[in-house]
There are 2 protein chains.
Amino acid sequence: MDGGATGAVSLLRPVRAGNAFEETVERLLQAIKLGVVAHGEKLPPERELAAQLGISRVTLREAIRALQEADFLDVRRGRYGGAFVVYRPPSPRKGDLRRAVNEMGAGGLDDALTFRMAVECGAAQILAGMELTEGQRATLSSRLAGVNDAAPADYRRLDTAFHLAIAELTGSPLLAAACADARLRVTDLLNAIPVLQPNIEHAATQHAAIVAAILEGDPEGARRAVAEHLEGTAALLRGFLS
Amino acid sequence: MDGGATGAVSLLRPVRAGNAFEETVERLLQAIKLGVVAHGEKLPPERELAAQLGISRVTLREAIRALQEADFLDVRRGRYGGAFVVYRPPSPRKGDLRRAVNEMGAGGLDDALTFRMAVECGAAQILAGMELTEGQRATLSSRLAGVNDAAPADYRRLDTAFHLAIAELTGSPLLAAACADARLRVTDLLNAIPVLQPNIEHAATQHAAIVAAILEGDPEGARRAVAEHLEGTAALLRGFLS
DNA sequence: CTTCAATGGTCTGTTTCCAGACTTTTGGAC
DNA sequence: GTCCAAAAGTCTGGAAACAGACCATTGAAG
């Protein structure tokens, strides 16, 4: 008899990610840093946002206040008021990357990169194997164009939007959430390295290849293109680390 | 300017999955149904388990009591006591599958199957691309043998163990957790259909192909083998649904 | 210049959840 | 038989989170 012998580790993991307040701050911060809510835009109204996040308004407000005091948000009252994003990604400085990696803890970097590789490749492959509507094809192309036209300050944000669009177009919320999660885990790292012209151009070629493969309905090609692209990013990160 | 325009949906999702008690019951139930803790074995001691799940002992005890009253656990006091698993998967009855699908809600079935396809394919491919130690190869082979030798009552459990082993061997906890999550989402469905000899044999061939590809270091083959296997499972489910 | 609707700001009582100390039961070791 | 250690069972006070009602501010529309 084999006994139980399943890793078990993966199932008896924490039910709740600690404290609601901190978790909320983290979430909002990620939404801001990822540019889900761009500079100058505002978060949804408190009541609505609290409902979306599944927390009480009190807790949400505490989180918003923390972000306000840290100069990420500017909160204005009255009609047409709201919590406006005020944050601009700072230009990375030497040492930021190392710091970000240390924050992840041992093994965290490889874990995040592996995870991202798995889910993003999977998403691209699945999308390429689907029958796409005209609207979906248009969305994909427009996101691609978005990254290509991006001003440097907007680059990461639109790059994120592009990658997430692939996952969301699969129509699987679970898969989209996994890709968003994967992206989150490398955001701080990516934000800690400069956006260089040669890298942008290289990435643009790869992005184009990904889109082409998806639009042609070539799952294998799409998977390979994404893998190549992500390996490039991983190599870039590792390069800055040494 | 593109505006925000990221799906956003994926990021402003709930911070906490509702209620700690219910969430804990759900978790434990999954661990039992998946056979992470097999019939006759016991859960870890309350204090330890509470710590692992990141909840208080009180909350955990409430959950355990609920499962005890529902005849999933038998709790015994004193030294060598504990919460023993008493549940045996019942033979599925007609209508169970439809019920399970309805519980998932609209779109849930496709979502779960798509998600599973993405993450398990990704895991297999990544594992096949790694240098494996002797120990890892042995683990994989032993899990394969485990499924092949399984008594019908143990089949699903050992099948789960096999699939999860692939994910865990990649060494990425995030990926392992994603695969476990994916598996969870189809467990109720799989448990609702009978384990038939022809299906077992078919699956055995596919499992062998997966392991062979991984051991040979053939990422593309591993991915394809997993995809084929999961498509088979998906087709089986869809077949029982019509 | 008044009104109004949308929004953030505040308050109160309740429920959930927690940390930790203490008690009881049990079966094996000596 | 006695003792002991490992486990479940119980209790209490406090902190965190919530639900919902209500207040205050704002800017646009009329």
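**Entry 1: I126(A)**

I looked up what I126(A) touches. Leaving aside neighbours within four places in sequence, I126(A) is in contact with T170(A), T114(B), M117(B) and A118(B). Contact here means that the C-beta atoms of two residues, placed from the backbone, lie within 7 Å. I found I126(A) in helix α5 of chain A, residues 108-128. Helices (H or I, at least four residues) and strands (E, at least two) are DSSP runs, numbered from the N terminus. Is I126(A) buried or exposed? I126(A) is buried, with 26 other C-beta atoms within 10 Å. The cut-offs: 20 or more other C-beta atoms within 10 Å of a residue's own make it buried, 12 or fewer make it exposed, and anything in between is partly exposed, with C-beta atoms placed from the backbone. I also checked I126(A) against T170(A): they are 44 residues apart along the chain, and their C-alpha atoms are separated by 6.9 Å.

**Entry 2: What I am reading**

This is a predicted model, in which local features need pLDDT of at least 70 and side-chain atom pairs count only at pLDDT 80 or more, while totals for chains, interfaces and linings use all residues. Residues are numbered from 1 along each chain as its sequence is written, and chains are lettered from A and ligands numbered from 1 in the order in which they are written.

**Entry 3: Chain A**

I counted ten helices and two strands in chain A. Along the sequence they run α-α-α-β-β-α-α-α-α-α-α-α. The radius of gyration of chain A is 19 Å, close to the 18 Å that the globule rule gives for 242 residues, so chain A is as compact as a globular protein of that length. That radius is taken over C-alpha atoms, and the rule is 2.2 Å times the number of residues to the power 0.38. The C-alpha trace of chain A spans about 60 × 50 × 45 Å along its principal axes. Of its 242 residues, 39% count as buried. Among contacts in chain A with a separation of 6 or more, 67% join residues 24 or more positions apart.

**Entry 4: The two copies**

I laid chain B on chain A: a turn of 180° and a shift of 0.0 Å along the axis give an RMSD of 0.0 Å. The two copies are thus related as by a two-fold rotation axis. The superposition is by least squares on the C-alpha atoms of residues with pLDDT of at least 70 in both copies.

How many residues of chain B are in contact with chain A? The count is 53 residues of chain B against 55 residues of chain A. On the chain B side, α1 (20-33), α2 (46-53), α5 (108-128), α7 (155-169) and α8 (173-191) each give two or more residues. The largest share, eleven residues, comes from α5(B). That side has 32 nonpolar, 13 polar and eight charged residues. Ala, Val, Leu, Ile, Met, Phe, Trp, Tyr, Cys and Pro count as nonpolar, Asp, Glu, Lys and Arg as charged, and the others, Gly among them, as polar. 100% of the interface residues of chain B are also interface residues in chain A, so the copies meet through the same surface.

**Entry 5: Cores**

Which residues touch the most other members of the largest nonpolar core? They are V119(A) and V119(B), in a core of 113 residues. A nonpolar core is a set of buried Ala, Val, Leu, Ile, Met, Phe, Trp, Tyr and Cys residues joined through C-beta atoms within 7 Å. Beyond four places in sequence, the contacts of V119(A) include L175(A), A182(A), V119(B) and A178(B). A second, separate core has 19 residues, among them L43(A), L60(A) and I64(A).

**Entry 6: DNA**

I found 22 residues around DNA strand D, the closest being A20(A), S56(A), T59(A), G78(A) and R79(A). Near means a C-beta atom, placed from the backbone, within 6 Å of the strand. This surface has nine nonpolar, seven polar and six charged residues. DNA strand C also has 22 residues around it, and the closest are A20(B), S56(B), T59(B), G78(B) and R79(B).

**Entry 7: Two positive phi angles**

Most residues other than glycine have a negative phi. D71(A) is not a glycine, yet its phi is positive, about 65°. D71(A) sits in the loop between α3 and β1 (73-76) of chain A. With 9 C-beta neighbours inside 10 Å, D71(A) counts as exposed. Y80(B) also has a positive phi of about 65° without being a glycine. Y80(B) lies in the loop between β1 (73-76) and β2 of chain B. Y80(B) is exposed, with 7 other C-beta atoms within 10 Å.
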